[in-house]
Amino acid sequence: MKISQVADIILKCLSAIPRELRRDILIGMFRLFYYLSPRQRFITIHNLRHAFPEKSINEIKNVARGSYRTLAITVADFFEIPSLTKDNIGNLVEVEGLEYYTRALEKNRGIILLGAHFSNWEI
């Protein structure tokens, strides 16, 4: 069996699990990985301590656990991408300030858009 076939099977199996349950499962798996992989946990905490020297070790550990949780949600939502349409993407993406864009379009002038994301770069 080719790696692409294995990946396809995994994609189909995980896509069949309802989104909220898939998120919960992956959050649990990433939480386990955080605690069962001391080397990766050490690297995460080490990097965060350098990025945020003003934070206490407890704050750093909270941020580290939160980053694993966010990564788990990103992975869980990744399986929604093949089924996204313009009608259902709003279930995954939150847009703020759309009224400013609409108002600018009504003026029939150029628009410069700046966007930020906190996760799910593929979307």
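Predicted model: local features only at pLDDT ≥ 70, side-chain atom pairs only at ≥ 80, totals over all residues.
Local features need pLDDT of at least 70 and side-chain atom pairs count only at pLDDT 80 or more, while totals for chains, interfaces and linings use all residues; side-chain values use heavy atoms, leaving out hydrogens and water.

Zoom out first: the C-alpha trace spans about 55 × 50 × 25 Å along its principal axes.

Now for the salt bridges (a side-chain nitrogen of Lys or Arg within 4 Å of a carboxyl oxygen of Asp or Glu); the count is 4.

Select K12 and D8, whose closest N and O atoms are 3.3 Å apart in a salt bridge. They sit 4 residues apart in helix 1 (residues 3–16), so about one helical turn separates them.

Next, pick R19 and D77, a salt bridge with closest N and O atoms 3.1 Å apart. R19 belongs to helix 2 (residues 19–36) and D77 to helix 4 (residues 57–78), so the pair ties together parts 58 residues apart in sequence. D77 is buried, at 2%.

Last stop: R22 and E80, bridged with closest N and O atoms 2.3 Å apart. R22 lies in helix 2, E80 in the loop between helix 4 and helix 5 (98–106). R22 is buried too, at 1%.

Conventions: Residues numbered from 1 in each chain as written. Helix = DSSP H or I, 4+ residues; strand = E, 2+ residues; numbered from the N terminus. Buried < 20%, exposed > 50% of the residue type's maximum accessible area, 1.4 Å probe, protein only.
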